[in-house]
Amino acid sequence: MSLPEPQDPGFAARVIERFAAQAFMATLGARLGVVEAGCVEILLPIGRHLGQQEGFVHAGALWSIADSASGFAAQSLMPAHAEVLTVELKINLIRPARGRLLRATGNVRRAGRTLSVCETSVTAHDTEEGSDAGREVALTLGTFMCMTREVR
């Protein structure tokens, strides 16, 4: 499936700027990885602050980085003046998340004028830099709205 060309040639700088404006991602300790047209990666070092009572990463942390990875992947194909808003996001928790690093890789499956459908795979890695193959711990499928002046 081919995706449309980015409407904004400066999409990468815009994604980086908008990600930096998300205080919640900073609170979690997340950072951007790959930023390409239709694909954005978010990396999250696993620490005790992300844990739940059994010692695994809390599902809320998985959902949060998957949401942002998909949302920014969608935004990368939107016009320069557009913002993105999550309409819905379904998560499948495949196995307990543990290790040293989480990688959420969001990909646009369909980019529409108003709505985009994206999927994200979240993998857990045993190395701090994520150089090992990793284990898939969650999959998401979501819908994201292009928020322009006309839509707001």
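Glu 83 is partly exposed, with a relative accessible area of 26%, where buried means under 20%, exposed over 50% and partly exposed in between, computed with a 1.4 Å probe on protein chains only. The model is predicted, so that local features need pLDDT of at least 70 and side-chain atom pairs count only at pLDDT 80 or more, while totals for chains, interfaces and linings use all residues. Residues are numbered from 1 along each chain as its sequence is written, and side-chain values use heavy atoms, with hydrogens and water left out.

Glu 83 takes part in a salt bridge with Arg 18, in which the closest N and O atoms are 3.3 Å apart; the term stands for a side-chain nitrogen of Lys or Arg within 4 Å of a carboxyl oxygen of Asp or Glu. This pair joins distant parts of the chain, since Arg 18 belongs to helix α1 (residues 11–20) and Glu 83 to strand β3 (residues 83–93), 65 residues apart. Helices (H or I, at least four residues) and strands (E, at least two) are DSSP runs numbered from the N terminus.

By the same rule the count comes to 6 salt bridges. Among them is the one between Glu 41 and Arg 103, with 3.1 Å from N to O, which links strand β2 (residues 39–45) to strand β4 (residues 101–111) across 62 residues. Both Glu 41 and Arg 103 are buried. Arg 135 and Asp 126 meet in another salt bridge, at 3.3 Å from N to O, and here Arg 135 is partly exposed at 27%, as is Asp 126 at 45% relative accessibility.

Strand β2 also has a partner in strand β1 (residues 31–36), the two pairing in the antiparallel sense over 4 bridges, where pairing requires that DSSP find at least two bridges between the strands. Within this arrangement Arg 31 stands opposite Leu 43 in β2. The two strands form a hairpin with 2 residues between them, and Gly 38 in the turn has a positive phi of about 85°.

Arg 95 lies in the loop between β3 and β4 and is partly exposed, with a relative accessible area of 41%. Apart from neighbours within four places in sequence, Arg 95 is in contact (heavy atoms within 4.5 Å) with Arg 135, Glu 136 and Val 137. A polar atom of the Arg 95 side chain lies 2.5 Å from the backbone oxygen of Glu 136.

Notes
A polar contact is a pair of N or O atoms within 3.5 Å; within protein, one must be able to donate a hydrogen and the other to accept it, and residues adjacent in sequence count only if both atoms are side-chain atoms.
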